[in-house]
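Please open the model in your viewer and keep the selection panel at hand. The tour below goes from one selection to the next and says what is there each time.

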Amino acid sequence: MNTILELRHVSKFFGGLAANSDISFALEKGMIKGLIGPNGAGKTTLFNCMTGYYPPSRGEILFKGTSITGLRPDRVCRLGMARTWQKVRPLVKMTVLDNVMVGALCRVNSLVKAREIAMEQLEVVGMAGKARVIAGGLPIGERKKLEVARVLATKPELLLLDEVMGGLNPAESEEIIRLILEIKSRGITQMVIEHDMKTIMRISDRIVVLNSGEKLAEGAPAEIVANQEVVDAYLGESNA
Amino acid sequence: MSIITEIIETLKKTPPARLLTFLALTGALFIFPQVVDSPYALHIMILVFLSVIMGGSWNILGGYTGQYSVGHAAYFGSGAYATMMLMQFREIPPWFGMLAGVAAAIAAGLIIGSICFRLRGPYFVLASIAATEIMRLSALNLKDLTNGAEGILATEIPPLSIGSALITDFSTKAPFYYIGLVFALAIIGVTWLVQHSKLGYCFQAIREDQDASHSLGINPGMYKQLSLTISAAFTSLAGSFYAVYIGFIDPTTVLSLDMSVQIVLICIIGGIGTIFGPVVGALVLVPLSEALRSNLITQTLISAGLVSEESPVGQFLKENLAHAHVLIYGILVVVVILFMPEGVLGFLRKRLAERRSKTA
Amino acid sequence: MDSSSLQPLLLFLQSLISGILVGGVYALIGIGLTIIFGVMRIINFAHGDIMMIGMYLTYNLFTLAGIDPFLSIVVCIPLMFLFGGLLQKVFINRVLNALPQNQILLTIGLGLIMSNTMMLIYTSDYKILTTEYSSGSFSLMGLSISQPLAISFVITAVITALLYWFLMKTDMGQAIRATAQDRQAAQLMGINVKRMSIIAFGLGAALAGTAGALIAPTYYIFPQIGSSFTLKAFVITVLGGMGSVIGATLGGILIGIAESLGAVYISSGWKEVLVYVIFLLALLFKPSGLLGKSRM
C-alpha cells in the first residue's frame, strides 16, 4: 500500500469560524507534498488536527491505513508522524544534545542509545559540534536545525514541516533545502508548509493549495503555477 | 537489566573526587552520633534531614517537572495523620503506619493531580492551594476521625524489634537520626536516578515546553502524575517521620499553607532542579530557624554590645524574635525571588561561569 | 435572628439577603484583585493581607481617634492607595517579566511579611471593633437585616459605581483599560505603562483596604484573617473572569450567597470548603469565568 496519509473531508471550526473546510487529499510514500496558501488559509490548523493537537470537527484522518482521528499527539508521534512548529520551540534550558535526546527517547528507553541516535541526527543537520551548547543561546537558524534534528530522532515515517525556513537568510534556507532532500532520500515522506514559491516549486512532487480554509487546488507544481485561481488568491502577496 | 548497567556506567563516569567526597561525607554522617554526644546537635541534624526530605521530594515535581505545587502540605499531612491516627487510635506501629501514609498520599495525589494537572502556570498553583485547604478544613471538621483542632498527641512509640531482638525503644535521638539520614539519602538517590534516566528527560522536557514534548511522543498527563506520585510518597514519609519525632500534630501545623510554603522555600533557596539544591536550602533554613528560636541571634546582638538588654529594643527582640521565624521565611522568599531566583546553587554557578568566561 | 423560629422560606430569604450584603464587600476585594491582574497579569497573593492592614488601620483610627469605621474610609482609601503604589514600585515591578510561579511566590512572601509583622506588633489576639450599630438590625418585610452590613453594601455600591465611571469615562481610566488590553500597544500610543501599573496596584490595594474597613465592625480582627479572604478573592475573580470588573462584582455576590446559604444549610465549618470546591469546579469547567470573558 503506497498511501501513507489520507485526509477525508476534514473540517475544523472555532466557534463560528471554519478554519478548515472539507479538506481531502492523500500522500504517497516517499513524496514531498507542498502545502501553500495565503496567510490565514488554515495550513497550521490542518497540521494541528493531523497531529492531534486538537481533533478535527468533522472528517477522518488515516495514517498507514488506520484512523488516527482525534488521537493524542504523543500517540501520533509514536505511530510515526511528527511535526515541527512554525514558531520554534526549543527546550530552552537543556543542551542541544539533550533536546535531540528527548526526541530519541520516544523510541528507546536507554540514555546511551538515545545519545547515539541524537548524535547521528546532529551530524545529519550539521550541528554535532554544538552538542553541549544550551539551546536558549542559539540563533534562529540553528534553532530551526535543532528542531529538525529533534524531530528526526523520533524516527518518523511522515514529517510535517511548518515554515521551517521562516526568518532564515538565503544561505540558511539552502541548508534546510539540502536537509529536506536528504530526508527524502532516506525514504521519509514529508509535507512542507512554506511561503517561498520558488522553494516549494523546487522540492515538491505535488502541491495542495488552501485558501480561506478550503482546498483550492491540487496538482504538480507546473499545473499549480498555471492555475489562474491560485494566482488570484495570491494577488497582492509578493512572490519572493 | 540494562538500566542497572547504565547506572553503574554513569557512576563510573562521575569524577572520582566528587564520588569520594560524597562517600566520605556520608560515612561521617553515619559515625556522627557515635562521636558527638549532644542531643541538641542530633536534633539539629534531624531537622536538617527532615528538611532535605521535604525539599527534595518537592523538587521532583516542582524543580524537575516544573509543576509548582504550593499545596504539598496535603501529602505531608496525609503521612502525619495516617501514622498518628493508626498509632494512637489503633496501636499500629509507625513503621506500618508510614506505609499507610504513603498509600494515602499517593491516593490524594491521584485525586489532586487529576484536577490540577489540567491547569497551567498560576492556575495550577492556585488549584493546588485550594485542594490542600479543603484537606485542612476537612481535618478540622471531621473531629471524630482526627480530633479536629485539638490535634493528636503521641503517648508512646512502640519499641522496634525484629523477632526477639530489640533494635531500639526510641528513648534517645539516635534512632531518629539514622531514620532521617536514611530517608534523606533515599530522596537524594531517587533524585539522582531521576536525573540520569529517561524519566528525568521527560520530566524536564515537560517543564520546558509541555506542548512540544507532547508532540515528541511524551504523554504529559502520565509523566506529571508519575512525578507527583514519587513526590507525594516521599513528602508523606517526611510527614510520618515528623509526626513520630515531634510527637504532636494538628491541622494548623501539618496541613497549612505555611507548611506548603516552607516546603517550597527549602527547595528554591538552594536551587530547584538540582540534586543538592534542597540540601543547601536545608542547611540555610534550619540553622537560621533554630538560631531565631533559641534566641541565639538576640543573645549575640546583646553580647556584641549592639543592643542593650534593658533597652526597649532589647526587650522586644528577646520576647519576639523567637516567634518570628515565619516572618523570616517571608523575607527570605522575597529576597530569593528578587535577587537569586535560581537559588544559592544557581547563583554560585552563574558567578563561577562568569569568572571562567572572564579568564578564558 | 433566631433561625429556629423562622419558617423555611423566611430563613432562605434571610440568608440570601445577608449573603448579598456580605457579597458586596467580597466584590470590592475581587474587583481590586481583578484590576491588578488585568493590568499586570500578576496574581496577587497578598491581597487578603492588604485588606487585613486596612482593617487594622480602621481599628486604630477608631480606638485612638474615635473615628467611625465608615467615615474613616475617607482616610483609608488614599493611605492604602499609597501603600499599594509603594509595594508595586519597590517589589512587584521587578518581577513583571518573571515566571508566573515566581510572581506568585513573591506575593506569597510579601503576604507572609505583612501578616507576621502585624502579629509581632499586635499579637494574634482577636480584636473587636464595636460601634453602636455593630449588632444593630432593622426590619424589612419581615426580614431582619444587619445594619452595618446594609450600610457597607450601600457604600460598596457607591464605590463600585464611582470606579466604573472612572474606568469608562475618564482619560486615566481609559488608559488603564488600554494597558490591560494590550500593554505594548498602549505603550506605543504614549501611555506610561509603568505608571499605570503603579496606579492599578494602588487602586487594588485601596479597594482591598476599604473592604477591610467596611467589615471591621462585623468581623474579628486578627493578623491571619487575610489568607481566607485572598482565596475567596481568587474564587471570585476566576468565576467572574480574570480582569473583568463586572464579573468580579457578580462573582462576589455569588460567593457571598453561597457562603451564607452554606453556613445555614450545611454547617459553618464546611462553608469554606464549599467555596473552594466551587473554585476548583470553576477552574476546571469555566476557566475564563461565568461570563466567558477575561478582559476589563
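Begin by selecting chain C, where buried residues make up 54% of the 296 residues; a residue is called buried if 20 or more other C-beta atoms lie within 10 Å of its own, exposed if 12 or fewer, and partly exposed in between, with C-beta atoms placed from the backbone. This is a predicted model, in which local features need pLDDT of at least 70 and side-chain atom pairs count only at pLDDT 80 or more, while totals for chains, interfaces and linings use all residues. Residues are numbered from 1 along each chain as its sequence is written, and chains are lettered from A and ligands numbered from 1 in the order in which they are written.

Followed from the N terminus on, the elements of chain C run α-α-α-α-β-β-α-α-α-α-α-α-α. The radius of gyration of chain C, taken over C-alpha atoms, is 19 Å, close to the 19 Å from the globule rule (2.2 Å times the number of residues to the power 0.38) for 296 residues, so chain C is as compact as a globular protein of that length. Along the principal axes, the C-alpha atoms of chain C fill a box of roughly 65 × 45 × 35 Å.

Next, show every chain together. Of the two pairs of chains in contact, chains B and C share the most contacts, where two residues are in contact if their C-beta atoms, placed from the backbone, lie within 7 Å. Chain A and chain C, by contrast, do not touch, and their nearest C-alpha atoms are 13 Å apart.

Now select chains A and B, whose contact takes 25 residues from chain A and 18 residues from chain B. On the side of chain B that touches chain A, the elements giving two or more residues are α1 (2-13), α9 (198-208) and α10 (210-215) of chain B, and α9(B) gives the most, with six residues.

Technical notes: Helix = DSSP H or I, 4+ residues; strand = E, 2+ residues; numbered from the N terminus.
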